[in-house]
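User: I have a model open here and would like to talk through how its chains meet. Could you take a look with me?
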Amino acid sequence: MRNENHTQKEEFNITVYTENHIGLLTRIAIIFSRRKINVESLNTSPSEVEGIHRFSIVMTETAETVRKIAGQIEKQVGVLKVYFNTNQDVVWQEMALYKVPTDVIAERAVVERLLRENGARAVVIRKDYTVFETTGHREETDNLLRVLEPYGLIEFVRSARIAIIKDSEGFHRKLQEFEQSEPHDEVVENEYLSSREKVFTM
Amino acid sequence: MLTKEKQATALPKQATSISGAEAVILALLEEKVDTVFGYPGGAIMPVYDALFDYTDRLNHVLVRHEQGGIHAGQGYARASGKVGVVFATSGPGATNLVTGLADAQIDSTPLVCISGQVYAHLLGTDAFQEIDILNITTPVTKWNYQVANAEEIPDVLAKAFYIAKSGRPGPVLIDITKNAQLQQFEFSGYQPCQHIRSYRPKPVVRQEYILQAAELINQAQKPFILWGQGVMLGAAEKEFRAFVEKSGIPAAWTIMGAGALPSRHPQNVGMLGMHGNYGPNVLTNECDVLIAIGMRFDDRVTGRLDKYARQARIIHLDIDPTEIGKNVPVTVPVWGDCKETLPLLTELVEPRQHTAWLQQFRRYNEQEIEAVIQEELFPTSEEMTMGEVVQQLNELTGGDAIVVSDVGQHQMVACRYASLNHTRSNITSGGLGTMGFALPAAIGAKYGAPERTVVAVIGDGGFQMTLQELGTIMQSGADVKLLILNNRFLGMVRQWQELFHERRYSFVDIASPDFVKVADGYGISGKSVSKREELRGALQQMLSHQGSYLLEVMVTKENNVFPMVPQGCSVSEIRLS
């Protein structure tokens, strides 16, 4: 476990399965911020099993640091499981949306060809603008950005990365068994927040 | 004094409508809490109102500041092994808990803090005394949770106690909005928590690591045990002693581990780290197998990591797997509660006596006695030293007292020289180094172990950080002996300025009030001594006094704590002067 061989930084994908609890995002974020480590991308959403959330976090660090951070995340109350993988170990995608003026797209055949070459598809077509979508690795979404820029790109947005681990049977079955044996607690949100006038205050 | 007619205090046997505040009190009773430290205020008033009916079953100690409350909770927990409980109101009440939470988090002290919060409908509106205490305390708690609906209170408190005390213990904060405290709900009883699906308090013990560890130990020529507070947190003192005695290995301690093996045990070779003993520090870099038990290789213990025990193969026993390999690369990671892992290991280790190796520690000890200890404990100088005060105290208490130390030079002296016959006898702020800790922690320790003598050893600087808690002693009658070692300096900073900043004594010359008069103002007897011939009698008087007592001892101004591993140096570069 000596770390001389682990000084090379590379991109890692951390996958975290958690309870859907208020405040857990902060707890996980603090693990990075207190070490002054930047998170490159963070996606959190419900997993395929109700009540369990899945985080995908991307960071560039040494394997040793990532291992320690993953351990720190896993020990938080509310975290079910943490995996960390290099880019070679995962299938990953990011999605990007591009808003461009419709007249340019409609009038110039070359743009249409470029879009097709880049695997983009139209999500919305309006008189004034059209929104295209593409998914892929960073260089692919970047490439389309470069292509569309000369034609008057109005707006661009890219999603956080989502990743699926190649080399495993996945956590799906375990998650389901888990949820079946111990169903999750309901999240209790603040039900009084919008009833200010109606609630008696001392 | 206002009194209120006592109501029946039996717990409801079937579903009964009660308030959230009453549910808090019933939960504490079910968790067998006997003492709560706290300070009332607007947002926690319903809990205090409910408490008024249960004061015959639940002792409440009114502190003078919430920081005092939480340090008292820590002292209680450390002395008793139980969970410390603290009440605070919202806003400043809750923020005043932060230092104690951080202290308890780094020193793994089980606490349940209950803070009041503004009405739920006011959350996020900057209401009077509203603060986002959950986000403020997230980095310094093991777990925290906000309750806005009374129905959640029994389950949340059950989880809070379970999380605070299980696995590696730690502080938990439960923030309860005022409406939830006032709300009536159907209470159908209290179920203690035994399991949370997304929380694994301890890792599964892996037999292959026990086997590997035993093999390394059995082959070792110069094995060395380092132990920390984990031994006490796991209530594994007996198992630890059995392991030490069967294996015959010399063992040294971190300040948080002091007392788990009696000071006079023949295999106890002393204290580790920056102001630890000479032998254990030097020989860390000579041993062939290092067995770390319930300790976390803090930088104050290891000094420079790249020069720390590079020759040794390291076995690390810890309940928290993230501590293993965090700072020091480990050969064999033994995950688990040391109460379970130690007996498995003891079973497999061969009975040995490392006589020659132990002798090496003793030789270094003789050098240390000659260069440092003799003059510190039995000085020939005119002025008194901190060490001789602790030495005299040892003789008079016979090593049976709980010693609560504050932070600074006197802390290092108290930890180095206090004689401890029993476990849970050394209470100090180890990881955070919180000045002002000792006075309130000593109050808590007395409640946690009422049958024992509690002596707080405090510097003149730290004492002034929380001396308002003399009011708590006055009102509660806690029998705490306060021993102030006054060197008229912020001594540790001054020592560093002397050694590393060319004696530029920048703002370390601290003036103090007449402590005896201050204590007298609180109705606490006291005395100040500055002559050696008065010391023993004064200590005797303090110890035999009925009730709390303050003894100030004027010690030499510019005394340094040695040995010392200067910052940035290896442990084997420890200096004797």
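Analyst: Before we count anything, a salt bridge here is a side-chain nitrogen of Lys or Arg within 4 Å of a carboxyl oxygen of Asp or Glu. Please also keep in mind that this is a predicted model.

User: OK, how many salt bridges are there between chain B and chain A?

Analyst: Between chain B and chain A the count is 3 salt bridges. One of the salt bridges is formed by B:Asp320 with A:Lys75, where the closest N and O atoms are 2.5 Å apart.

User: And how many residue pairs are in polar contact?

Analyst: For chain B and chain A that count is 16 residue pairs, with both residues at pLDDT 80 or more.

User: Which elements of chain B give two or more residues to the side that touches chain A?

Analyst: They are strand S6 (143-147), helix H7 (153-165) and helix H8 (178-182) of chain B, and S6(B) gives the most, with 3 residues. Sorted by class, that side of chain B has 15 nonpolar, 13 polar and 10 charged residues.

User: What area is buried between the two chains?

Analyst: About 3,000 Å² is buried between chain B and chain A, and carbon and sulfur atoms give 49% of that area. Within chain B, the residues that lose the most area to chain A are B:His121, B:Arg197 and B:Ser198, which together account for 27% of what that side buries. As for residues, the contact takes 38 from chain B and 38 from chain A.

User: Switching topic: at what angle do H15 and H17 of chain B pack?

Analyst: Helix H15 (residues 355-377) and helix H17 (residues 409-417) of chain B pack at about 110 degrees, with their axes 13 Å apart. Since angles of 65 to 115 degrees count as roughly perpendicular, H15(B) and H17(B) are therefore roughly perpendicular to each other.

User: Which residues meet there?

Analyst: From H15(B), B:Glu368, B:Val372, B:Ile373, B:Glu376 and B:Leu377 meet B:Val413, B:Arg416 and B:Tyr417 of H17(B). By class, this contact has 5 nonpolar, no polar and 3 charged residues.

Notes:
Residues numbered from 1 in each chain as written. Chains lettered and ligands numbered in written order. Predicted model: local features only at pLDDT ≥ 70, side-chain atom pairs only at ≥ 80, totals over all residues. Heavy atoms only, no water. Contact = heavy atoms within 4.5 Å. Buried area = accessible area lost by both parts, 1.4 Å probe. Polar contact = N/O pair within 3.5 Å; in protein donor to acceptor, adjacent residues only side chain to side chain. Helix = DSSP H or I, 4+ residues; strand = E, 2+ residues; numbered from the N terminus. Nonpolar A, V, L, I, M, F, W, Y, C, P; charged D, E, K, R; others polar. Axes fitted to C-alpha atoms, helices over the stretch in contact; angles between N-to-C directions. Parallel < 35°, antiparallel > 145°, perpendicular 65-115°, else oblique.
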